[in-house]
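Subject: Handing over the model

Hi there,

As promised, here is the model for you to look through. My notes on what turned up follow below it.

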Amino acid sequence: LYFYRNDDEAVVDRGGARSQQGTNFEQEDLEGHRTLYIGVHVPLGSTRHRSHRRHRHHGNKHRRRSRDRALTLVEGTESALYDTPSQRVQFLLGTEDDDEEHIPHDLFTEMDEICLRDGEDSDWRESARWLKFEEDVEDGGERWSKPYVATLSLHSLFELRSCIINSTVLLDMRANTIEEIADMVLDHQELYSPLGDELRKKVRETLLKQHHHQNHKKLANRLPIVRSIADMGRRTSELHLDKNGQMSSSQSHLAGPEGKMDGTRENSSVDFSKIDLHFMKKIPAGAEACNVLVGELEFLNKPVVAFVRLSPAVLLNGLAEVPITTRSLRADTVHLGLQYHEIGRSIATLMTDEVFHDVAYKAKDRNDLIAGIDEFLDQVTVLPPGEWDPSIRIEPPKNVPSQEKRKKSNILPNGMVEGDEEEELGGHGGPELQRTGRWFGGLFLDIKRKAPSYLSDYTDAFSLQCVASFLFLYCACMSPVITFGGLLGEATEGRISAIESLFGASLTGIAYSLFAGQPLTILGSTGPVLVFEKILFKFCKEYGLSYLSLRTCIGLWTAFLCILLVATDASSLVCYITRFTEEAFASLICIIFIYEALEKLFHLGEHFPFNKNNNLDKLSMYSCSCVEPSDPTNGTLKFWENNNITASEIYWEALEVKACIEKQGEFVGSACGPHGPYVPDVLFWCVLLFFSTVFMSAFLKEFKFSNYFPTKVRAIISDFAVFFTILTMVLVDYALGIPSPKLKVPSVFKPTRDDRGWFINPLGPNPWWTAVITLFPALLCTILIFMDQQITAVIINRKEHKLKKGCGYHLDLFMVGLMLGVSATVLSISHVNSLKLESECSAPGEQPKFLGIREQRFTGLMIFTLMGCSVFMTSVLKFIPMPVLYGVFLYMGASSLRGIQVNDLSFSVFNAAPPPLFLTFYCFTTVHEEKQACNNVIACGL
């Protein structure tokens with residue numbers, strides 16, 4: 001509480017001449033405190049070893065004081081000696097307290113104000129609140145402002161420090177009602193500065209006045225039907241509160257043996273119809289309340305200030321806006337309302353500070369609180385009054401820097417925490433990448449590490465997010481597999497085509513998803529594999545060898561070499577892969593994805609050209625007909641001979657486009673293009689589908705950050721963004737009826753060629769020595785599989801993904817080598833991004849916190865199971881336009897580039913200064929050296 005008479009000054013620190021609250025500060029302490037009023041805070045002691053990381057923009061180093069100061073305890077106990085307040089805070093936060101009452105909780109801070117003038121009666125009215133950022137009541141008390149970063153005056157912080165020194169500080173008070181709290185505060189005030197019976201009574205009445213919250217007016221303004229619906233959902237809201245832990249029996253237990261009955265009574269009297277359920281969802285489970293009471297009273301002749309911390313926390317019904325237990329209480333009430341409004345904002349903002357919040361929970365005495373304020377002042381940046389408008393509100397940042405460095409004392413010269421640097425320098429090192437010295441030792445350790453979480457890999461998949469993930473990636477995986485199979489069929493003359501590629505990808509993916517160490521990796525096809533197959537088939541054709549038998553031998557040798565690498569723990573070499581290498585590889589694959597998507601779109605212009613010589617006045621004269629070739633080529637003549645076709649007996653003009661192309665006729669007419677008649681609108685419609693898919697997918701993916709619809713609906717739309725986009729584009733394309741190219745899936749499950757079955761003899765008609773020489777091309781395949789698999793695994797297993805079930809590099813390589821699969825980097829990154837977990841409840845203005853990845857096997861298993869069943873779903877898949885899938889490729893490539901640091905650094909090549917993000921971790925010399933390296937890489941690439 002703070003009360004003051006009208007004609008008196010505001011609270012100032014008079015040097016502590018009166019030891020009103022039992023404070024026994026020395027004279028030098030009081031003189032040192034008065035020096036704070038000059039406007040620049042001088043840390044209490046030596047800060048030489050940390051001067052390099054504070055206030056770099058000022059250009060001045062902190063100076064060491066000529067003497068050390070020892071703060072003494074208020075209650076008469078001795079205090080340890082500390083050089084700086086930060087050291088005291090770090091020591092306080094570093095101590096482990098077995099008392100559960102001093103374990104920090106999330107805080108909801110509310111500030112109420114009161115004003116009594118000319119005998120008018122009033123009540124406490126909510127004026128501001130804090131979960132993470134400040135929200136004020138504005139527009140005449142009708143609504144809440146947007147959350148913003150609280151800006152405080154330096155003077156108000158000094159006044160707050162003075163208030164803590166000269167006020168009542170009651171830590172670990174045991175009380176169950178606001179009446180008991182008021183009596184204890186006033187009793188303590190009477191010991192050092194009596195108010196008198198009359199003033200005491202008035203102050204007590206003021207403290208016990210009713211609290212009016214902003215949500216009461218909001219709920220009262222609802223229409224009757226809305227209020228009825230709210231009453232109908234009261235029981236649901238109660239269950240929701242129990243689920244969040246705000247009104248559960250565990251909090252009744254917090255009241256302890258003395259206050260259990262009262263806590264139960266308070267809980268039972270809560271009116272759930274007056275609770276803003278939407279705001280309640282933003283409060284973390286187990287949060288507690290901090291109430292700041294500020295106002296002005298004319299009848300007081302001296303200030304009354306109190307800082308109270310309850311132990312245990314109790315539910316004070318009606319005191320806070322939300323029905324959660326109250327932990328701390330502070331009230332300041334004087335005539336100069338505006339100034340003490342700022343002091344109230346200062347203590348409320350301090351309670352939202354991560355470090356002072358913990359100090360307030362663990363403080364043993366008044367000196368700990370003062371050290372917490374001094375440490376906060378040590379971190380404050382002051383803006384000149386003439387160069388900045390204080391009325392401008394700062395928007396909440398997207399990323400809040402970590403405050404761990406303020407809590408720990410093991411700061412290294414580079415500004416990093418000692419443990420963090422070791423973790424950074426350690427790279428990918430860990431127990432999973434250490435050599436065991438035994439055959440298959442790493443494999444057995446991977447199995448032992450992954451076995452306990454195998455069952456949870458399926459139970460953790462019960463979420464709509466997993467359904468959205470496998471539907472999106474099923475469509476994304478289908479097209480490259482079928483396209484790869486088609487190209488492979490052309491290169492091998494049908495020996496391996498779409499059906500073989502589809503069946504092989506499905507079988508390999510299912511086995512990998514069931515038994516791999518990191519099931520988040522997606523297997524697919526890559527360009528180097530296609531090049532290898534083309535070269536191998538050409539070699540077999542030139543030397544008269546059986547391609548399929550030779551390919552089988554290479555596959556067996558590749559599997560053997562991969563198993564040999566697993567047996568010798570070769571995956572431990574992954575620890576030498578640097579962040580630059582893996583990000584350069586990922587960037588290359590993403591850029592290839594983007595390039596191929598655009599290339600396929602441009603390739604559609606060759607099959608569906610548009611007529612550049614249209615004349616609107618002669619449209620009725622345009623025609624295109626099929627005729628016999630006037631000068632057939634040797635290939636055409638041979639084709640006619642092999643198929644017993646007599647050109648003179650064919651009525652060419654009656655043939656349709658497909659039949660004319662099959663019989664190798666010619667198209668003649670003004671409406672004919674290079675490969676047949678011009679098809680109007682197809683190319684432009686494909687371009688429209690392509691870019692619409694990209695932009696709609698990106699828009700829906702970011703929809704969860706919009707202001708439309710409830711949070712759950714926005715999350716569902718974001719998770720199903722790509723699937724909803726594909727579904728929308730398919731429906732629009734079907735409704736318009738434009739003959740855009742569609743996805744072609746084999747409709748019969750059988751080998752492409754009738755002269756072979758599903759099983760291949762490794763030797764076949766080839767001589768025996770081919771089984772030996774195939775070791776050399778198998779070695780090349782092994783290197784490709786090893787590098788592709790391990791770099792992809794490193795990207796998936798990054799520490800920033802916060803994976804909790806561990807990784808299995810040896811087990812992954814064993815499964816990939818056994819099944820002869822290749823990791824698809826972009827698809828794997830998209831898989832991980834689609835399974836990101838974020839906090840459901842976040843403070844207003846705060847971005848949801850990244851919690852990790854939903855680690856499970858269900859999505860990969862379903863993707864490849866559906867892929868194998870695609871043969872039986874041809875009637876549905878034939879409606880998917882290919883430009884839509886190309887747009888999905890472009891979206892996946894672009895979205896996978898996000899978060900790759902090497903790309904952000906590459907964009908700074910043409911800038912004079914590097915991005916501020918990298919200046920946080922590297923010195924200028926290092927950054928510019930890396931920029932030069934990027935220049936060299938780009939030059940080599942060009």
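**A nonpolar surface patch**

On the surface, Phe503, Leu507, Phe749, Trp758 and Phe759 form a nonpolar patch with about 560 Å² of accessible area together. Patches here are built from residues with over 30% relative accessible area and no salt bridge, where nonpolar side chains (Val, Leu, Ile, Met, Phe, Trp, Tyr) are joined within 5 Å and like charges within 9 Å. The areas come from the Shrake-Rupley method with a 1.4 Å probe, and for residues only the protein chains shown count as cover.

Before going on, a word on the source: this is a predicted model, in which local features need pLDDT of at least 70, side-chain atom pairs count only at pLDDT 80 or more, and totals for chains, interfaces and linings use all residues. Residues are numbered from 1 along each chain as its sequence is written, and side-chain values use heavy atoms, with hydrogens and water left out.

Helices (H or I, at least four residues) and strands (E, at least two) are DSSP runs, numbered from the N terminus. Phe749 has 40% relative accessibility and so counts as partly exposed; buried means under 20% relative accessible area, exposed over 50%, and partly exposed in between (1.4 Å probe, protein chains only).

**Helices α33 and α20**

Which residues of helix α33 (residues 858-868) are buried? They are Thr859, Gly860, Leu861, Ile863, Phe864 and Met867. Their cover includes α18 (456-459), α19 (464-491), α20 (498-515), β10 (523-524) and α32 (825-834).

Helix α20 also holds Ser501, which is buried with a relative accessible area of 12%. Leaving aside neighbours within four places in sequence, Ser501 is in contact (heavy atoms within 4.5 Å) with Val481, Phe484 and Gly485.

**Aromatic pairs**

Rings of Phe, Tyr and Trp (its six-membered ring) pair if their centres lie within 6.5 Å; planes under 30 degrees apart count as stacked, over 60 as edge-to-face and the rest as tilted. By this rule the count comes to 15 aromatic pairs. One of them is stacked: Phe720 and Phe724, at 5.6 Å centre to centre with 25° between the planes. Phe720 is buried, at 9% relative accessibility, while Phe724 is partly exposed at 29%.

Tyr734 and Phe879 make an edge-to-face pair, because their planes stand at 85° with the ring centres 5.6 Å apart. Tyr734 belongs to helix α28 and Phe879 to the loop between α34 (874-877) and α35 (882-897), so this pair ties together parts that are 145 residues apart in sequence. Tyr734 is exposed, with a relative accessible area of 60%, and Phe879 is partly exposed at 34%. Elsewhere, ring pairs link Phe690, Phe691 and Phe695 into a cluster.

**Charges over rings**

A charge sits over a ring if NZ of Lys or CZ of Arg is within 6 Å of the ring centre and within 35 degrees of the ring normal. The charged end of Lys836 sits over the ring of Phe850, 5.9 Å from its centre. For Arg129, the ring is that of Trp144, with the charged end 4.1 Å from its centre.

**Salt bridges**

Arg129 also meets Glu321 in a salt bridge (2.8 Å, N to O). This pair links distant parts of the chain, with Arg129 in strand β2 (residues 124-130) and Glu321 in the loop between β8 (305-314) and β9 (326-333), 192 residues apart. Both Arg129 and Glu321 are buried. A salt bridge is a side-chain nitrogen of Lys or Arg within 4 Å of a carboxyl oxygen of Asp or Glu, and by this rule there are 31 salt bridges.

Another joins Lys407 and Glu354 (3.0 Å, N to O). Lys407 lies in helix α15 (residues 404-407) and Glu354 in helix α13 (residues 354-362), so parts 53 residues apart in sequence are tied together. Lys407 is buried at 18% relative accessible area; Glu354 is partly exposed at 30%.

Finally, Arg579 forms a salt bridge with Glu800, with the closest N and O atoms 2.8 Å apart. Arg579 is in helix α23 (residues 579-607) and Glu800 in the loop between α30 (775-796) and α31 (809-819), 221 residues apart. Salt bridges that share partners join Arg579, Glu582, Glu583, Arg798 and Glu800 into one network.

Best wishes
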